[in-house]
Structure formats: C-alpha cells, structure tokens
Amino acid sequence: FVGVDVTPELLQTGMRLLPEAHFVQASALALPTELDAGFDLVCSIGSMSIFDETQIETFWDNLFRVSRPGGTIIVMSPLNPYGVDAIIRHRKHINGKSGVWETGWNIFSVDTIAEIVAAHGAKLEIQPFRIGIDIAQRADPIRTWTIPVGDNPRQLTNGLKLLVDHEFMIVDRA
C-alpha cells in the first residue's frame, strides 16, 4: 500500500494510522517514476476537482502510468452528466478581509472524462456515491456539508452554493 499526497500533515496522519504503508509526498500531476506500473488498484478520492482544463489529462495520464495493465483505477469526484465542464475560481472573505483567488471544485463532464479514458483504450463506468452520514457546516465555507433536499436527506453542498453529487469513475485496464 502506498499513499500519495502533497500535504505533509496528511502524510503524517497516514503514517500514524497505517505504519505498515509507504507514503510519498507528490502531486498527482508529477508522480515519481518509481511508481510506474506498480499497482493493481489506483484510487484518487476527492482530488480530481482540484485540477483545471490544462491539468486534467495529465492527472489521468499519471493514473494510467502507475497502474498495471489489467489493473483498476477508481476516482471519486463530482461529475457532470450534462456535457458541461465548469472551472471554478473563488475567494473567501474572512474577518472582513478579502482572501486570494483560489481554484478548486472544478466539475468535468462525463463526456470529457470518457474521452480521456478512451484515449487510453479503456472504458469508463460510473457508479453514484451517496453519503450515509450527516456532515455539519464548518468554519471554512468551502468545506462540504450536508442538507436535506427533496427526497435526499444528505445532499452535499458548500459555500459556493453548489449542490454536489460525487461519482465513482471505475476504469478496468485491459
């Protein structure tokens, strides 16, 4: 088991919780070559929406690069079924002061991701993710929380006023 993240604090938490695992500080956009073709299962949970239109293909290229032929790639992220890609920029106002403009919460269309996956000779399968717990709103308005909406008692939302549906994108490599 190998965990990869750019944030040292998250890597330290991983090392504490899974001391038998190996952890690497790196970006999904620049995975070390020693990870090439090293994994039967590659998972990316909640990070795809960080990347913009200039980075999304590199993100997927790297997932394919580190997975073995015959392996599986699973990505969980918001995904738009309506054929629209959305690149989001936002800034927070905290204590009366404007913060810096940030990126994140980008939402790519099923069509875009299916094209990228098909370019690797693979097919995209999509499975919905539905959260089974309530999440309270926190001080950081960009962090996700749940609200009841219609027949969904736990709709994910955030301070961007987005109703967020996460999907599992499953790719079985040939």
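Begin by selecting Gly46, Trp105, Ile142, Arg143 and Thr144: of the 22 residues lining the second largest pocket, these lie nearest its centre. The model on the screen is a predicted one. The volume of this second largest pocket is about 640 Å³. Next, colour β4 and β8 (102–103), the elements that each give two or more residues to its lining; β4 gives the most, with three residues. By residue class, the lining of the second largest pocket comprises nine nonpolar, eight polar and five charged residues.

Now turn to the largest pocket, which holds about 1,100 Å³ of space. Select Gly3, Val4, Asp5, Cys43 and Ser44, the closest to its centre among the 29 lining residues. Two or more residues of this lining come from each of β1 (2–5), α1 (8–17), β3 (39–45) and α2. Which of these elements gives the most to the lining of the largest pocket? It is β3, with six residues. The lining of the largest pocket consists of 21 nonpolar residues, seven polar residues and one charged residue.

The tour then moves to the nonpolar cores. Select Met48, Phe59, Trp60 and Ile113, which have the most contacts inside the largest nonpolar core, a set of 23 residues. At least two residues of this core are supplied by each of α2 (56–66), β4 (67–80), α3 (110–119) and β14 (166–172). The largest share, six residues, comes from α2.

Keep Met48 selected and display its surroundings: among the residues that Met48 touches are Ile56, Phe59, Trp60, Val75, Phe108, Ile113 and Met169. Finally, select Ile88, Trp105, Leu156 and Val164, which belong to a second, separate core of six residues.

Note on methods: Residues are numbered from 1 along each chain as its sequence is written. This is a predicted model: local features need pLDDT of at least 70, side-chain atom pairs count only at pLDDT 80 or more; totals for chains, interfaces and linings use all residues. Side-chain values use heavy atoms; hydrogens and water are left out. A nonpolar core is a set of buried Ala, Val, Leu, Ile, Met, Phe, Trp, Tyr and Cys residues joined through side-chain atoms within 4.5 Å. Buried means under 20% relative accessible area, exposed over 50%, partly exposed in between (1.4 Å probe, protein chains only). Helices (H or I, at least four residues) and strands (E, at least two) are DSSP runs, numbered from the N terminus. Contact means heavy atoms within 4.5 Å. On a 1 Å grid over the protein atoms alone, a cavity is a set of points where a 1.4 Å probe fits but cannot get out, and a pocket is an open set with protein on both sides within 12 Å along at least five of seven lines; lining residues have an atom within 4 Å of a point. Grid points are joined across faces, edges and corners, and a volume is the space filled by probe spheres set on the points. Ala, Val, Leu, Ile, Met, Phe, Trp, Tyr, Cys and Pro count as nonpolar, Asp, Glu, Lys and Arg as charged, and the others, Gly among them, as polar. Lists of a residue's contacts leave out its neighbours within four places in sequence.
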